[in-house]
Amino acid sequence: MRAIGLMSGTSMDGVDVALIDTDGTSISGFGPTGYRAYGDEERALLREALKEGAALHDRLTRTPLLAKAEDLITRAHAEAVEAFLATHGLSRADIGVVGFHGQTVIHRPDLKMTVQIGDGLALRQRLGIPVVYDLRQADIAAGGQGAPLVPVFHRALATQKELPRPLAVVNVGGVANVTFIGSNDELTAFDTGPGNALIDDWMRERTGKPLDDNGVMAARGRGDEALLAWLLVHPFFAKSPPKSLDRNAFAHRIVGNVSTEDGAATLTTFTARSIARAADFVRERPVLWIVCGGGARNAELLRLIAYHTRAEVRTGEQVGWSSDFLEAQAFAFLAVRSMAGLPLTFPSTTGVREPVTGGVLAGA
């Protein structure tokens, strides 16, 4: 089936679009990718929605602000797909399904709460293509963490490229997560800690820029070792997986009143060390770490991950993957799995009691 995947991550920079050909088990081909950026006002609205979402106690409730943000998310994703189809000469009939993740505004599995705003039914009506959405809730309802969802896709990618095992695949978005693929293809996956979110928030506050481009600012600074030692004794890092982290679990202001360079260095090192510590929870030390997501464009972060893991580190691009669009591709893959009734999550990835499929189909 030809499937389109859509992703709007915790960095809230825009909508990623990706096309793949898959049966939900293996990947037979990769199609083009696309991107629809959020404007400054749109991004500001989403940041406000994130604050408001943190107070939700009912996953179906939408305050006026959240309703406005949900309309934006639905419209932006529809526009992204329409522009993508037009650019690549595709018709709606060419696409079997759209995998729609939406925008996470709260993820609290301890409260059995995960909310991704975005109206799947409205998107289906506008596009005229079946849409699979609300992909995390079934796992949460069955006792899982609801995240990460991508490990089964990572394994399909690794198999296609015949990559060595044991292998670690790290996605560094706003929050970082890792998939360990063992020598027997067994999966272990969990959130490792902050990804780009704290670094981005720090840079936005200090410089007005959305990120530390290529880690240049962090490379000029010096990390606060005492603070890092204190941060890494947080209970989250000692907790055995499965585990997942809300974007707001840590705040960039933890670094205090230091220079922009030293703050960036401390937060970047925090991300790298928490990623490296994830290997403490698996039997086999990975021979290769593949870094995807926005963090793959941060040379200083890559250097620090290599230093702290004492292993080979490569980016998704260096093994023939698309770091920028991997999550969008994953949601295309997961949508097809969902339609086929195949499991999306497993006891070793989310802690769910048994393998669980998920997603809601807004069909033809």
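The legends below describe close-up views of a predicted model. In this predicted model, local features need pLDDT of at least 70 and side-chain atom pairs count only at pLDDT 80 or more, whereas totals for chains, interfaces and linings use all residues. Residues are numbered from 1 along each chain as its sequence is written, and side-chain values use heavy atoms, with hydrogens and water left out.

**View 1. Helix α2 packs against helix α3 in a right-handed crossing.** The axes of α2 (residues 64-87) and α3 (residues 120-127) come within 10 Å of each other and cross at roughly 35 degrees; the axes are lines fitted to C-alpha atoms over the stretch in contact, with angles running from 0 to 180 degrees between N-to-C directions. Helices are DSSP runs of H or I with at least four residues, strands are runs of E with at least two, and both are numbered from the N terminus. A crossing counts as right-handed if the near helix is turned clockwise from the far one by less than a right angle, and as left-handed if anticlockwise.

**View 2. Residues of both helices make the contact between α2 and α3.** On α2 the contact is made by T74, R75, H77, A78, E79, V81 and E82, and on α3 by A122, L123, R126 and L127, where contact means heavy atoms within 4.5 Å. These residues divide into 5 nonpolar, 2 polar and 4 charged, with Ala, Val, Leu, Ile, Met, Phe, Trp, Tyr, Cys and Pro counted as nonpolar, Asp, Glu, Lys and Arg as charged, and the others, Gly among them, as polar.

**View 3. F180 and W289 form an edge-to-face aromatic pair.** The structure holds 8 aromatic pairs, defined for rings of Phe, Tyr and Trp (its six-membered ring) by centres within 6.5 Å, with planes under 30 degrees apart called stacked, over 60 edge-to-face and the rest tilted. In the pair of F180 and W289, the centres are 5.8 Å apart and the planes stand at 85 degrees. F180 belongs to strand β9 (residues 175-181) and W289 to strand β11 (residues 288-292), so that the pair links parts of the chain 109 residues apart. F180 is buried at 4% relative accessibility (under 20% relative accessible area, with exposed over 50% and partly exposed in between, for a 1.4 Å probe and protein chains only), and W289 is buried at 2%.

**View 4. The charged end of K243 sits over the ring of F236.** It lies 4.6 Å from the ring centre, the criterion being NZ of Lys or CZ of Arg within 6 Å of the centre and within 35 degrees of the ring normal.
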